[in-house]
Amino acid sequence: MPSAHDWINNPLGVVEGMFVQNNSNPEWQKKVVDYFKDKLTEKEAQTWVPSLNDVPLHYLKPNSLVKFRCLIQDMFDPEFYMGVYEAVDPATKSKSLKCGKYKDVTECLVEFNSRNSVTSERQTFYCVPIPGESSWVKECYARSSQAQVIPSTSYTPNRHKRSYDEDDDMDTQSQRPRDSNTGSQSSGDSQRNGDSKRQETEAPSNNTTTTQSCTSPLDLNYPLPEEQGPACLVKVYEDWESFKLNDTIEVFGILSVDPALGGVSEEKEPTSLLDPMESMETVEEQRAHSPPPSLVPRLHMVYALPLQHINPLLPSAVSEDKNAFVTSFLSELGSIRSEFLAYLTHILLGDALAAEYLLLHLVSNVYARRDVLPLGKFTLNLSGCALSATYTEHLYRIIQQLVPSSYRLPMSLHNMNSMRMVPRKDYVANRLVSGVLQLASNTSLFLDETQLEQGQLDASGVRNITALGNLISWQKVDYDFNYHQMEFPCNINVLVASEGRSLLPSDCQVHLKPQLAPPNLGEFLGAIQAAQAPSQMNRYRLYLSVTRRMDYSISEEVTKAVEEDFVEMRKDDPQSMSAEDLHRMLVVSRLLSLSFGQTTLSTDVWMKTKHLEMLRMSRIQQQKSVNGHEP
């Protein structure tokens, strides 16, 4: 690691130096952006930058360069700030031009009426940690860090225990003039702060209150209950049109935690520059947009990396060894698939057929959209899961250890009637209130229908069930903007565990048929997990990420052969094979090909697809006969 890291420890010094040298040149701002981009694309340079995801805020030096792996939960209106201002030396009364970019407050007196001042515009995103990010992902990112951090002497860790009012008291005593607009958002869905120790990312039990107060000062508006990590207000200066709501990004920016930024006060001295409070109509909006920086630090973006995935085991986009790694991994893919299938078969109590379909589900991914139809989705309904009171919970925890982000939603009557699934616009606070279905792309959503008991769904419950159905069928969530709904496409892998056939739609149903009956199911599954070495689990995690990202195509020759085969299958009994059945077989054959590391459909894979589908349909028919009705 290089000894000199001025661009990390003192990035504002770098910016100010470039401003002094080049402020007469309109291209100076682009030079700043290019400088940090070049620095951060050097080999391993990103690992030198401390992360808000795994370093406590009080260990981070204010005004230093930090990074944050996050989801854009809300996007505020553009705001004005003083891009260039004239500073006055209190001793000599001399004046000099200063750069206001990447700052929230100034350290000097400001000449308010200077003709040399320049007003600029920036955007503010409210960002949260990636919902449901698995513990193994967090640990792996933290281990790869080479950042050197020491506790900050200018920031006290116990500030997160103060209320908004206490922050207000401190703010009114601050004499520093504010240098910019500080629009931000904090309040939201549940009283969740970073003190939660819960490890599993699951919905609350029936005894947990899921209706939240919008005015709670500690509510950080996380989409999922019991989420951990800081929320952050990200100030964006260039190309903010390229970002979208719910994008997952890694932000590299200058940390700002000055106490003068947060809270609501009716008696603040008029020392701010373009104070956003003046344009806010309600106290609720002020609370939502100016939370204490001890809870919601500000991050001034200098560079952002869109995250196509969050698997830290895959080489980064700037790695020189990425192609060599993938090529080497593909050569081992066949053996990894066999080992992974055997692991899943044990988890599903010896059911090899269900294991095949679970593997295909984990590989699935929405790769394109044709009009409103999402292509590539493969929602699996695994029925017959009521083996014990805790089997579905054990199954979810195993899946959680395989995928980068996930969430288990027990579909109890209480949860269905009380949880907020769909984000809604709060016009009083002028913010988007998060909901459980505001998830990052490629999140695995485990719907536990075995928890559903008899009772009446109220109007909220019906809306939630409808929202889940739309998510499964169309891979979209209709956000509630009071007077209208706005459609947001998504890419969520949905697995529905149920006793009989699910009340929700699915692309494929497989009825679990255990071949083993261990006396203690929890101990049995725990032993299977413990038998997997960490290196082996990493192979499975890489396998899923690599196969999901592979390209796929079907040659004209194979397409013609499949069409002829379809006609042949319908010849004797036209009712035995519908167009919907053919579509499902094409989806299964695509996923099967990718699971073997093949990028095109072969005759062998098509035959295997037909065999798997025949076994699956036969099992469903047998189950219907046993139950006397559709499971």
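At what angle do helix H9 and helix H17 pack, and how far apart are their axes? I looked this up in the model, which is predicted.

**Entry 1: H9 and H17**

I took H9 as residues 352-363 and H17 as residues 603-627. They pack at an angle of about 120°, and their axes are 11 Å apart. That angle makes H9 oblique to H17. I also noted the hand of the crossing, which is left-handed.

Next I listed the residues that meet. From H9 I have Leu353, Glu356 and Tyr357. From H17 I have Lys608, Leu612, Glu613, Leu615, Arg616 and Arg619. I sorted the residues of this contact by type: four are nonpolar, none is polar and five are charged.

**Entry 2: H10 and H13**

I then turned to another helix pair. H10 covers residues 391-400 and H13 covers residues 521-530. Their packing angle is about 10°, with the axes 10 Å apart. An angle under 35 degrees counts as roughly parallel, and H10 and H13 are therefore roughly parallel to each other.

On the H10 side, the contact uses Tyr391, His394, Arg397 and Ile398. On the H13 side, Leu521, Gly522, Leu525 and Gln529 take part. My tally for this contact is four nonpolar, three polar and one charged.

**Entry 3: H8**

Does the length of H8 agree with what its residue count predicts, or disagree? I checked. H8 runs over residues 333-347, which is 15 residues. At 1.5 Å a residue it should span 21 Å, and its end C-alpha atoms are 21 Å apart, so the two agree.

Which residues of H8 are buried? I wrote down Leu333, Ile336, Arg337, Phe340, Leu341, Tyr343, Leu344, Thr345 and Ile347. Arg337 is on that buried list, and I marked it for a second look on screen. After H8 comes Leu349, and its phi is positive, near 60°.

**Entry 4: Asn470**

I located Asn470 in helix H12, residues 459-474. Is Asn470 buried or partly exposed? Its relative accessibility is 23%, so Asn470 counts as partly exposed; the cut-off for buried is under 20%.

I set aside residues up to four places away in sequence and looked for what Asn470 touches: Gln475, Lys476 and Asp478. I also checked Asn470 against Leu504. They are 34 residues apart in sequence, and their C-alpha atoms are 9.7 Å apart in space.

**Entry 5: the whole chain**

Last, I took the chain totals. I recorded 17 helices and 19 strands. Of the 631 residues, 53% count as buried. Among contacts between residues at least 6 apart in sequence, 80% join residues at least 24 apart.

Conventions. Residues are numbered from 1 along each chain as its sequence is written. This is a predicted model: local features need pLDDT of at least 70, side-chain atom pairs count only at pLDDT 80 or more; totals for chains, interfaces and linings use all residues. Side-chain values use heavy atoms; hydrogens and water are left out. Axes are lines fitted to C-alpha atoms, for helices over the stretch in contact, and angles run from 0 to 180 degrees between N-to-C directions. Helices (H or I, at least four residues) and strands (E, at least two) are DSSP runs, numbered from the N terminus. Angles under 35 degrees count as roughly parallel, over 145 as roughly antiparallel, 65 to 115 as roughly perpendicular and the rest as oblique. A crossing is left-handed if the near helix is turned anticlockwise from the far one by less than a right angle, and right-handed if clockwise. Contact means heavy atoms within 4.5 Å. Ala, Val, Leu, Ile, Met, Phe, Trp, Tyr, Cys and Pro count as nonpolar, Asp, Glu, Lys and Arg as charged, and the others, Gly among them, as polar. The expected span of a helix is 1.5 Å times one less than its number of residues. Buried means under 20% relative accessible area, exposed over 50%, partly exposed in between (1.4 Å probe, protein chains only).
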